Amino acid sequence: MNKIWIGIIAICTIYGLVTGRFEEMTTSILALPMDGLQLVCTLVFSACFWSGVMMIMYDSGLIDKLAKLLNPFLRKIMPNLNDEEAYKYVAMNIAANIFGLGFAATPAGLKAIKRMKELSKECDKSVATDEMVTFLVLNTAGVTILPTTVMAIRQSYGSANPADFLLLSFVGTLASCIFGLLLDKYYQRKAKKKHGK
């Protein structure tokens, strides 16, 4: 990967020098650290704020209420997972993803997978269970109502309305989640038929 990046930089530098854009190149290179710092600060402050909101939701019991609300849905798509702790971690992960907080969803996601691995009846613990795969689909293609990270990036780049894409974002993530879950169930049934279960 390093060789590819070095190659891209070398090609761009040579192209800039050959076309006589040395001044534009210099201006861009000097502006990069400031632009990078501004973007990082925006993302870090946004992450801190929304992680704090997530902790307030967790401490106030809102996550537990959300977990109870999601329980019928989770039990339907993960019928073999009979563990309240795992369901709570999955619910926390889904809640964080609903608000576009991927960085806050990661710890709950790791705890959910760890708990599922402990409960796994597979002889080889490196093999993912059906519930793990379903959870991965939910985590990767999860429904997002309020993508806060994307909104923070759009705002840092001067968007007049950083939230004008919310409806499209919701529809897109909902469609990807439904399609992902349908595909997951299809392959689960196919595997069960293959193994005669």
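Q: How do the residues of the lining of the largest pocket divide into nonpolar, polar and charged?
A: In this predicted model, the lining has six nonpolar, six polar and six charged residues. Asp130 and Glu131 are among the residues nearest the pocket centre, and both count as charged because Asp and Glu belong to that class.

Q: Which residues lie nearest the centre of the largest pocket?
A: They are Asn80, Glu122, Thr129, Asp130 and Glu131, out of 18 lining residues. The pocket holds about 580 Å³ of space.

Q: Which helix gives the most to the lining of the largest pocket?
A: Helix H8 does, with four residues. H5, H6 and H8 each supply at least two residues of this lining.

Q: Why is Ala96 called buried?
A: Buried means under 20% relative accessible area. Ala96 has 0%, so Ala96 is buried. This residue is found in helix H4 and touches Met54, Leu101, Ala104 and Ala105, leaving aside residues up to four places away in sequence.

Q: Why is Gly102 called partly exposed?
A: The partly exposed class lies between the 20% limit for buried and the 50% limit for exposed. Gly102 has a relative accessible area of 34%, so Gly102 falls in that class. Gly102 is found in helix H5, residues 102-119.

Q: What makes Cys177 buried or exposed?
A: The relative accessibility of Cys177 is 7%, which is under 20%, so Cys177 counts as buried.

Q: How many disulfides does a search of the whole structure find?
A: The search finds zero.

Q: Which residues of the largest nonpolar core touch the most other members?
A: The core has 32 residues, and Met54, Leu74, Met78, Val90, Ile94, Met116 and Leu138 touch the most other members. Two or more residues come from each of H2, H3, H4, H5, H6 and H8. H4 gives the most, with 10 residues. In soluble globular proteins, nonpolar side chains tend to be buried together.

Q: What does Leu138 touch, not counting residues up to four places away in sequence?
A: Leu138 touches Phe73, Leu74, Ile77, Met78, Ile94, Cys177 and Leu181. These count as contacts because heavy atoms of each pair lie within 4.5 Å.

Technical notes
Residues numbered from 1 in each chain as written. Predicted model: local features only at pLDDT ≥ 70, side-chain atom pairs only at ≥ 80, totals over all residues. Heavy atoms only, no water. Buried < 20%, exposed > 50% of the residue type's maximum accessible area, 1.4 Å probe, protein only. 1 Å grid on protein atoms, 1.4 Å probe; cavity = no way out; pocket = protein on both sides within 12 Å on 5 of 7 lines; lining within 4 Å. Points joined across faces, edges and corners; volume = space filled by probe spheres on them. Core = buried A, V, L, I, M, F, W, Y, C linked by side-chain atoms within 4.5 Å. Disulfide = S-S within 2.5 Å.
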